[in-house]
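Have the sequence and the 3D view open as you read.

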Amino acid sequence: MTQERIRHLLGIDDLNRETAEGLLDLAESFLEVSRRPVRKVPALRGKTIINVFFEASTRTRTSFELAGKRLSADVVNIGGSSSSTSKGETLRDTVNTLDAMHADVIVIRHAASGAAHYVARHARAGVVNAGDGMHEHPTQALLDSFTIRQSKGRDFRGMKVAICGDIAHSRVARSNALLLRMLGADVALAGPRTLLPRAIDSLGCRVYDRLEPALEGADVVMMLRIQRERLGAPLLPALREYARYFGLNAARLKLAQPDAIVMHPGPMNRGVEISEEIADGKHSVILNQVEAGVAVRMAVLYLAASEPGEIATPSDS
Amino acid sequence: MRTLLDPESVARGLRRMAGEIVERHAGAPDLVLVAIRRGGIAMASALSHWLGELEQHSPPLGSLDITLYRDDAATALPNPRIGASQIPCSLDGRHVILVDDVLYTGRTVRAAIDALMDYGRPRLIELAVLVDRNGRELPIQANYVLKTETVKPNERIDVFENSAGIHALIQDKASPTIPPGAPRPEVP
């Protein structure tokens, strides 16, 4: 077999350049499905996908749910507070239970880094990481690269991408940095010094503790959500001060390329990391990201739910 | 390897087929041609050309990728390439002619009919193929056929387009297939 099938998607580490680009190509054909009158194809009829979200999330869960339903799979959502975990069940027992129900794919979000890996080790089902602690959020990175491809083309070499905000706590930043570097982009990370991780050099990106040098000449500007729960801690003084030094506004965006695109994984804090006029302005591709999210997740689920034993390889035909 | 259809006979046959289509659809005002990817693309554009010659204007031409509608869809290829379907107009009330190169098991056509229904409710669907071969597994038949051929169990039919036009060859089953997109051999 020349190409490996993606069964679990736990992190960008599971991909190489070829499989990542293959996944993005596949997502393109799924984008069309969401735009037609009947937004459903029978590809995963009879398959069961269970979304297990131990952390609250509306948009990612909805996106995964729609992706599964548009492929005709049966999709079940389990939330953290309503699940047996609140009654003291261990993650291991939850996994065993879902396996016994013959889930084909388990989509998991968990506050603990490495939770998805743990589930993948113990489950027969394919496992998709929908965000684990401060570790990774691979489908977000894939949908971001998909959105960039739509406006900037397929060749990422020489493309300048600025990722700005709370880098240290952001799995979105981490997954994006890994994938964008893999695809050949030049990535700059910018944030307050207290919100830059210690081992940041391992990501192979340019690092700044001010926004301006990262924005200089950027083709893509990715703003991260400032997590209000981190406020008050010594890491971050006040929203107003953050907005003043690290918020994206029209004046700062002038430093980037005239045709730069602005992205945000959502939910946005308008007036904090991104100003009102930029969020709704002509550079913003934030809603394209949402549309791309469903297409990319369809591609990931399609691969994860396919029969492991019956994969045709080029040599079989 | 032997030639089943050469470019001249394909061109002649498709011109005749276009005539039949126009006749049966009373001038073809509501016609839409939909090629099944990728085998039907070359034939559909040639057919559209001949329809244009006969009726001054060619009918809308679309294409359909049926991968997600296959009855074995879940047994995916390791890195499946699914082309985007392009349906140029609403299919409601239209006369749709599905176009494919070889009609064999009938499973592809079954999937294509399902896919079409998700784009609207055509008034009717017909099937046009270059070669109708034995081996049907479903009760499906073509309305327009250029050539009917009985193929031996150890043979298969390859259809491809090169600079001379569309060819159909009968090949030994063991011979390597030409992957889609690869350069086509020049057949004398």
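In which loop of chain B does R38(B) lie? R38(B) sits in the loop between strand 2 and helix 2 (41-55) of chain B, where helices (H or I, at least four residues) and strands (E, at least two) are DSSP runs, numbered from the N terminus. Keep in mind that this is a predicted model, where local features need pLDDT of at least 70, side-chain atom pairs count only at pLDDT 80 or more, and totals for chains, interfaces and linings use all residues. Residues are numbered from 1 along each chain as its sequence is written, while chains are lettered from A and ligands numbered from 1 in the order in which they are written.

**Chain A as a whole**

- Chain A holds 11 helices and nine strands.
- Its C-alpha atoms fill a box of roughly 55 × 50 × 40 Å along the principal axes.
- Of the 317 residues of chain A, 47% count as buried; that label needs 20 or more other C-beta atoms within 10 Å of a residue's own, while exposed means 12 or fewer and partly exposed is in between, with C-beta atoms placed from the backbone.
- Take the contacts in chain A between residues at least 6 apart in sequence: 75% of them join residues at least 24 apart. A contact here means that two C-beta atoms, placed from the backbone, lie within 7 Å.

**The two domains of chain A**

- Chain A splits into domain 1 (12-136 + 291-316) and domain 2 (138-290), with bounds that come from an automatic or database domain assignment.
- The domain centres, taken over C-alpha atoms, are 26 Å apart.
- Where the two meet, 22 residues of domain 1 are in contact with 22 residues of domain 2.
- On the domain 1 side, helix 1 (17-34), strand 4 (126-132) and helix 11 (286-304) of chain A each give two or more residues, and helix 11 has the largest share, with seven residues.
- Helix 11 of chain A is also largely enclosed by the rest of the structure, because 15 of its 19 residues are buried.

- A cis peptide bond joins R37(B) and R38(B), with omega about -10°.
- Chain A has a cis bond from G266(A) to P267(A), with omega near -10°; P267(A) is in the loop between strand 9 (261-263) and helix 10 (276-279) of chain A.
- S72(A) is not a glycine, yet it has a positive phi of about 70°. You'll find S72(A) in the loop between helix 2 (59-70) and strand 2 (74-79) of chain A, and it is partly exposed, with 17 other C-beta atoms within 10 Å.
- H102(A), also not a glycine, has a positive phi of about 60°. H102(A) is in the loop between helix 3 (91-100) and strand 3 (105-110) of chain A and counts as exposed, with 10 C-beta neighbours inside 10 Å.

**Chain B and its helix 3**

- Chain B has three helices and eight strands, running β-α-β-α-β-β-α-β-β-β-β from the N terminus.
- Of its 188 residues, 38% count as buried.
- Helix 3 (residues 107-117) of chain B has these buried residues: T108(B), V109(B), A111(B), A112(B), A115(B) and L116(B).
- They cover an arc of only 160° around the axis, so they are on the same side of helix 3 of chain B; the arc is that of the directions from the helix axis to the C-beta atoms.
- The buried residues of helix 3 of chain B pack against strand 2 (31-36), strand 3 (61-64), strand 4 (95-103) and strand 5 (124-133) of chain B.
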